[in-house]
Amino acid sequence: MLLKMPQKLLKTAHFIELDSYQHWPVLITQRIRLYTYEQIPLFLKENPFITDGYRAHLPSKLCLRSIFMLSNETVNIWSHLLGFLLFFYLAVNDLTSVLPASGVNREDYVIYAIGLFCFQVCMLCSVGYHLFSCHRSEKTCRRWLSLDYAGISVGILGCYVPGIFYAFYCNTLYLLTVLSLILAVFCAQVHPRYLSNDWKRIRMAIFCCVAGIMFLPRILVMYLIAGTAFLFYVTKIPERYFPGQLNYLGASHQVWHVLVVLMFYWWHQGCSHHAVQHSRSCPPDEQQLSRTDQIMS
Ligand SMILES: [Zn+2]
């Protein structure tokens, strides 16, 4: 196979250099090679400061198998896969032991389940994107990318469900509003035209709305983590200052991933506290109030 390649291609081809990779205690899956930034297709060129370690041109099966090899996406994939397992565990644990023990009412179960479900969706969409971003079809890559964006919005809105329910209102109407918002944003973002140029304005508008919602909750720590996460995401710090040195570990996107998990986890911990207090602090709902009014008059 090597002999059949044209001489020009052979010169530029960058095969896994065994002398630099062989002493890494990882499995380099057969038939999967890594590429430099110059060698990857245009649609994968997103961060010039990550200079090496790219997977590309793979069929679905090999994309999946590449989960066990070291590439510049390994940390991104595993950070959110572990994040998914964390929120899955928390969901099972909360719904089967924490909530029954604190004697909360049925609404709390729903709120909890929705919040944690949104976090899990976010994590899985992200894992999917980072696994299949090396797919040989550009269309498949873009589909996964929009699913990743949609997942982030769902995760953020997932924070908003318990936030709005416990912090502001004790009213199922608001819950339904947020739920429809989640659904609408998700549908808009997985739409094939979402990433096209003629939808640029709509795309910006949706992101501004979702980001704007982020500023409503009152708790500052949430802002701090989210702000820091976005800062890393946008500025491509620190690899910007160390191009080529943080290809596998320490890149901005990995920091973003860890902060997203941390943000959801922090939010979940905050909500656990609210859930227990909710049944005691929630005022009687409007229907009850008006009924009381009628009786009083
Ligand atoms: Zn990501």
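Predicted model: local features only at pLDDT ≥ 70, side-chain atom pairs only at ≥ 80, totals over all residues.
**Helix 4**

I then checked the span of helix 4, which runs over residues 74–102. At 1.5 Å a residue its 29 residues should span 42 Å, and I read 39 Å between the end C-alpha atoms, which agrees. Just after the helix, Gly103 takes a positive phi of about 60°.

**The chain as a whole**

I stepped back to the protein chain and counted 11 helices and zero strands, so that, by the definition of helices and strands used here, the pattern along the sequence is α-α-α-α-α-α-α-α-α-α-α. Of the 297 residues in the chain, 31% are buried. When I took the contacts with a separation of 6 or more, residues 24 or more positions apart accounted for 68% of them.

**Annotated regions**

From the unreviewed UniProt entry I took the annotation "transmembrane region", which covers residues 75–92, 112–132, 144–167, 173–192, 204–234 and 246–267. I looked at two of these stretches in the model. Residues 75–92 are 100% helix and 0% strand, with the end C-alpha atoms 26 Å apart. Residues 246–267 are 73% helix and 0% strand, with the end C-alpha atoms 30 Å apart.

**The annotated histidines**

The unreviewed UniProt entry also places the feature "binding site" at His130, His253 and His257. I noted that these residues, although spread over 128 residues of sequence, cluster in space, the largest C-alpha distance being 11.2 Å.

Is His130 buried or exposed? I found His130 in helix 5, which covers residues 106–132, and I class His130 as buried because 26 other C-beta atoms lie within 10 Å, where 20 or more are needed.

His253 belongs to helix 10, residues 252–281.

**Helix 9**

For helix 9, residues 220–235, I repeated the span check: at 1.5 Å a residue its 16 residues should span 22 Å, and the end C-alpha atoms are 22 Å apart, which agrees. Which residues of helix 9 are buried? I found Ala226, Ala229 and Phe232. Seen down the axis of helix 9, its buried residues fall within an arc of 125°, so they line one face of the helix. The face turned away from that buried side carries the exposed residues Leu220, Val234 and Thr235.

I also followed Leu224, whose place is in helix 9. Leu224 counts as partly exposed, with 13 C-beta neighbours inside 10 Å. Leu224 and Met263 are 39 residues apart in sequence, and I read 9.2 Å between them in space, C-alpha to C-alpha. Just after helix 9, Lys236 takes a positive phi of about 55°.

Definitions and conventions: Residues numbered from 1 in each chain as written. UniProt positions renumbered as here; feature names shortened; annotations may be inferred. Helix = DSSP H or I, 4+ residues; strand = E, 2+ residues; numbered from the N terminus. Buried ≥ 20, exposed ≤ 12 C-beta atoms within 10 Å, placed from the backbone. Expected span 1.5 Å × (residues − 1). Arc of directions from axis to C-beta. Contact = placed C-beta atoms within 7 Å.
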